[in-house]
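Welcome! Take a moment to look over the sequence and turn the model around before reading on.

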Amino acid sequence: MSTNPLKRKQDKVSRQEQGLSIREWGPDWRCSVMYAILTEIAESTPEEHHEILEAYAHWLSILKDLDLLEAYQLKPLVDGRKLVKDFETNNGPWVGKALRLIIAWQLENPDNLNPEAAISENREKIIGLIQDEKQSRPSNAKGNGNNHEGKKKNKEKKEKN
């Protein structure tokens with residue numbers, strides 16, 4: 001998927017996709033857009049300049065109308081600790097992936113600030129992430145994903161000494 005917003009029809013791109021792109025580009029996304037504009041202007045004929053500027057202006061007005069100009073700052077409705085607790089499993093890479101799902105849901109549902117709704121709508125996908133991670137973890141890995149017991153034994157050893 002191209003991240004250049006002008007390579008596709010901006011009006012057809014979802015709020016979610018636009019917001020995820022802004023998040024991926026980060027806080028300096030405006031500088032990147034300015035660079036893209038200048039590059040396109042430099043590589044085009046003078047007759048094309050107006051069209052290029054209008055296309056970017058139109059895209060930026062769409063972002064403003066969708067309230068996405070600061071999408072890179074959007075925080076998930078839930079934090080990783082809540083997900084670990086709700087899904088009764090250990091922390092791991094799945095948490096970051098699950099939080100990205102939550103953010104994507106928030107971008108599609110900007111008026112719904114209910115964390116439980118965000119989790120509920122993504123429950124099956126999150127369970128899939130957890131299962132994928134458990135399957136990819138070697139069964140003979142140290143601690144077998146249960147760090148609590150290992151920490152408890154280490155504490156008992158230290159207390160004996």
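Let us begin with a definition: patches are made of residues with over 30% relative accessible area and no salt bridge, where like charges are joined within 9 Å and nonpolar side chains (Val, Leu, Ile, Met, Phe, Trp, Tyr) within 5 Å. Lys and Arg count as positive and Asp and Glu as negative, while His and the chain ends are not counted. The place of a charge is taken as NZ of Lys, CZ of Arg, CG of Asp or CD of Glu. Accessible areas come from the Shrake-Rupley method with a 1.4 Å probe, and for residues only the protein chains shown count as cover. A salt bridge is a side-chain nitrogen of Lys or Arg within 4 Å of a carboxyl oxygen of Asp or Glu.

What you see is a predicted model, in which local features need pLDDT of at least 70 and side-chain atom pairs count only at pLDDT 80 or more, while totals for chains, interfaces and linings use all residues. Residues are numbered from 1 along each chain as its sequence is written, and side-chain values use heavy atoms, with hydrogens and water left out.

Now for the overall layout. The protein has 7 helices and 0 strands; helices (H or I, at least four residues) and strands (E, at least two) are DSSP runs, numbered from the N terminus. Of its 161 residues, 29% count as buried. Here buried means under 20% relative accessible area, exposed means over 50%, and partly exposed lies in between (1.4 Å probe, protein chains only). Among contacts (heavy atoms within 4.5 Å) with a separation of 6 or more, 70% are between residues 24 or more positions apart.

With those terms in hand, look for the negative surface patch, which is formed by Glu 47, Glu 48, Glu 51 and Glu 54. Glu 47 belongs to helix 3, which covers residues 46–65. Its relative accessibility is 67%, so Glu 47 counts as exposed.

Next, follow the charged pairs. How many salt bridges does the structure hold? There are 4 salt bridges. One of them joins Glu 70 to Arg 30, with the closest N and O atoms 2.7 Å apart. Because Glu 70 sits in the loop between helix 3 and helix 4 (80–86) and Arg 30 in helix 2 (residues 29–42), this pair ties together parts that are 40 residues apart in sequence. Glu 70 is partly exposed at 39% relative accessibility, and Arg 30 is partly exposed at 36%.

Another salt bridge brings together the side chains of Asp 79 and Arg 81 (2.9 Å, N to O). Asp 79 is partly exposed, with a relative accessible area of 34%, whereas Arg 81 is exposed, at 67%.

Glu 116 and Lys 82 also meet through their side chains in a salt bridge (2.9 Å, N to O). Since Glu 116 lies in helix 6 (residues 115–136) and Lys 82 in helix 4, the pair ties together parts that are 34 residues apart in sequence. Lys 82, Asp 86 and Glu 116 are linked in a network of salt bridges.

Finally, stay in helix 6 and find Ala 118. Is Ala 118 buried or exposed? At 0% relative accessibility, Ala 118 counts as buried. Leaving aside residues up to four places away in sequence, Ala 118 touches Leu 77, Ile 102 and Trp 105. Ala 118 and Ile 102 are 16 residues apart in sequence, and their C-alpha atoms are 6.0 Å apart in space.
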